[in-house]
Amino acid sequence: MAAVTSRVPDGMSSKDSRNAEKPAANGTGQTWDSLSSGIPADRRKFCLLASTYKKQLCQPWDDSLIEALGLVTEDGMLTNAGLLFADYCPLTWCRSVCCRWDGPEDGYAINENEYSGNILLVLKMTADFIRANTARRWYKLPTHRLNIPEYSDRAVLECTANHLVHCDYQAKGRVLRVDIFDDRICFRTPGGMPDGKGPVQNRDISAVAPVRRNPVIAGVFQKLDLMEKNGLRSMLSFSAELPSYSGPATPVFQSDSVSFTTTFRNLSYGKTEEDFQRIIDSEIQRDMTGFWDKTAWGNPGTALKVQETTQKAASKTQKTTQKTARKAQKTTQKAQETTQKTARKAQKTTQKTGVRHVGKTARLIIDMILADPKTTRNQFAEAAKVTPDAIKWQLKKLTSLGIISRTGGDRGGFWKVIANPASADDPK
């Protein structure tokens with residue numbers, strides 16, 4: 001699993017790093033993001049925040065804005081929010097874990113990634129991961145190009161920003177979890193509704209007043225135009241603007257005492273080529289109606305030209321749709337063949353390993369992986385009291401049998417137990 005992380009830079013002591021990870025004290029009358037981190041502001045730089053400010057607002061950046069945004073205390077110390085927006089953020093629990101699953105439920109992970117550190121970097125990388133792992137159709141119409149994405153980019157960005165802003169950074173397991181399935185995307189962060197008035201699914205969204213768990217972070221995001229003032233209603237309206245929107249509302253919000261979940265449904269999931277053709281025809285009709293009102297009213301020559309253009313565009317679009325349908329059918333057949341091949345291979349592996357007995361050393365390796373997937377070869381050798389070469393042979397054998405697998409390289413990688421066989425004594 002690849003990860004984008006922020007390290008503690010030179011000049012910052014280990015003591016400062018430990019102080020930054022202390023939770024907010026109860027009874028202070030302040031929110032967690034406004035408390036002092038105990039780290040001097042002159043030890044940090046805000047190049048990413050400055051560049052984002054210039055890009056979003058088209059205004060020059062001034063270092064005095066750091067204090068105006070609430071990222072520095074009066075005595076020159078960074079607040080916890082200031083650490084989150086610093087270039088080298090030591091708060092590694094500001095993290096998102098993203099996974100694209102193969103199917104409508106948990107199964108094979110097609111792609112996964114983890115991002116941590118600067119909150120603006122986490123926001124951008126998470127949105128980029130979602131965009132790269134979702135699809136969009138587009139069609140060339142007489143006057144413009146029609147985009148039919150599975151999800152609204154603006155709604156997804158708004159959702160990601162809201163979860164990062166309203167995350168309870170003092171809770172255990174402080175992480176934004178993003179799971180992409182074939183038919184939906186699920187966002188989950190620790191922390192229920194900030195106002196404490198009960199689960200959001202039991203309330204009228206239009207009547208939910210915006211309450212900020214981390215007002216300093218929320219203020220910076222709104223200043224940068226990365227978040228709307230009422231994110232829940234905004235996400236609903238952004239999704240409803242898509243041409244493929246129909247049926248029940250999306251997204252769906254759920255909360256309990258410890259977490260908040262947002263679920264977007266895939267607006268293209270389950271639609272046939274005929275459904276997309278109806279969307280295209282409706283868009284062409286709407287587009288041409290507007291064009292008629294502006295230029296063709298009372299002019300038969302222009303009206304005839306518009307009609308011919310519309311017919312040509314409809315014919316061309318129909319041919320493109322048929323070509324896309326044939327291509328999609330071939331892709332589906334190929335995917336089914338690949339899935340069947342993978343299933344047969346998995347079945348053979350299960351049959352091969354399901355009744356196999358492993359020796360004491362192999363059993364020890366499997367147990368250590370279950371306890372800690374990041375166990376190293378030297379740790380295996382020390383525990384088994386054998387040489388590293390013997391462990392290397394055991395790992396290679398267990399991998400070839402489909403009992404374990406390795407994800408990632410020597411640094412940052414981890415082991416995974418695929419099948420857990422019975423135990424047996426080592427052969428003599």
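A residue is called buried when its relative accessible area is under 20%, exposed when that area is over 50%, and partly exposed in between, with a 1.4 Å probe and protein chains only. The model is a predicted one, in which local features need pLDDT of at least 70 and side-chain atom pairs count only at pLDDT 80 or more, while totals for chains, interfaces and linings use all residues. Residues are numbered from 1 along each chain as its sequence is written, and side-chain values use heavy atoms, with hydrogens and water left out.

The strands come first. Helices (H or I, at least four residues) and strands (E, at least two) are DSSP runs, numbered from the N terminus. Two strands are said to pair if DSSP finds at least two bridges between them.

Strand S8 covers residues 176–180, and 4 of its 5 residues are buried. On one side of the pairing list is strand S4 (residues 95–101), which pairs with S8 in the parallel sense over 5 bridges. Within this pairing, Ser 96 has Leu 176 of S8 as its bridge partner. Strand S9 (residues 184–190) also pairs with S8, in the antiparallel sense and over 4 bridges. Here Val 178 has Phe 187 of S9 as its bridge partner. S8 and S9 form a hairpin, with 3 residues between the two strands.

Gln 254 has Thr 261 of S11 as its bridge partner, and a hairpin with 3 residues between the strands is formed by S10 and S11. In a regular strand, side chains alternate between the two faces of the sheet.

Another hairpin is made by S6 and S7, joined through 4 residues. S6 and strand S7 (residues 145–149) run antiparallel and are joined by 5 bridges. In this pairing Trp 138 stands opposite Asn 147 in S7.

Next come the charged contacts. A salt bridge is a side-chain nitrogen of Lys or Arg within 4 Å of a carboxyl oxygen of Asp or Glu. The structure holds 14 of them.

Asp 153 forms a salt bridge with Arg 136, and their closest N and O atoms are 2.8 Å apart. This pair links distant parts of the chain, since Asp 153 belongs to helix H6 (residues 153–165) and Arg 136 to strand S6 (residues 136–140), 17 residues apart. Both partners are partly exposed: Asp 153 has a relative accessibility of 36%, and Arg 136 has a relative accessible area of 41%.

Arg 154 and Glu 158 are separated by about one helical turn because they lie 4 residues apart in helix H6. Elsewhere, salt bridges that share partners join Glu 105, Asp 183 and Arg 184 into one network.

In helix H5 (residues 119–132), Lys 124 and Asp 128 are 4 residues apart, about one turn of the helix. Their side chains meet in a salt bridge of 2.8 Å, N to O. Asp 128 has a relative accessible area of 28%, so Asp 128 is partly exposed.

Two places remain. Arg 43 is found in the loop between strand S2 (36–40) and helix H2 (47–57). Arg 43 is partly exposed because its relative accessible area is 37%. Although Arg 43 and Met 77 are 34 residues apart along the chain, their C-alpha atoms are separated by 9.7 Å.

The other place is in helix H10 (residues 300–354), where Lys 327 is found. Lys 327 has 62% relative accessibility and so counts as exposed.
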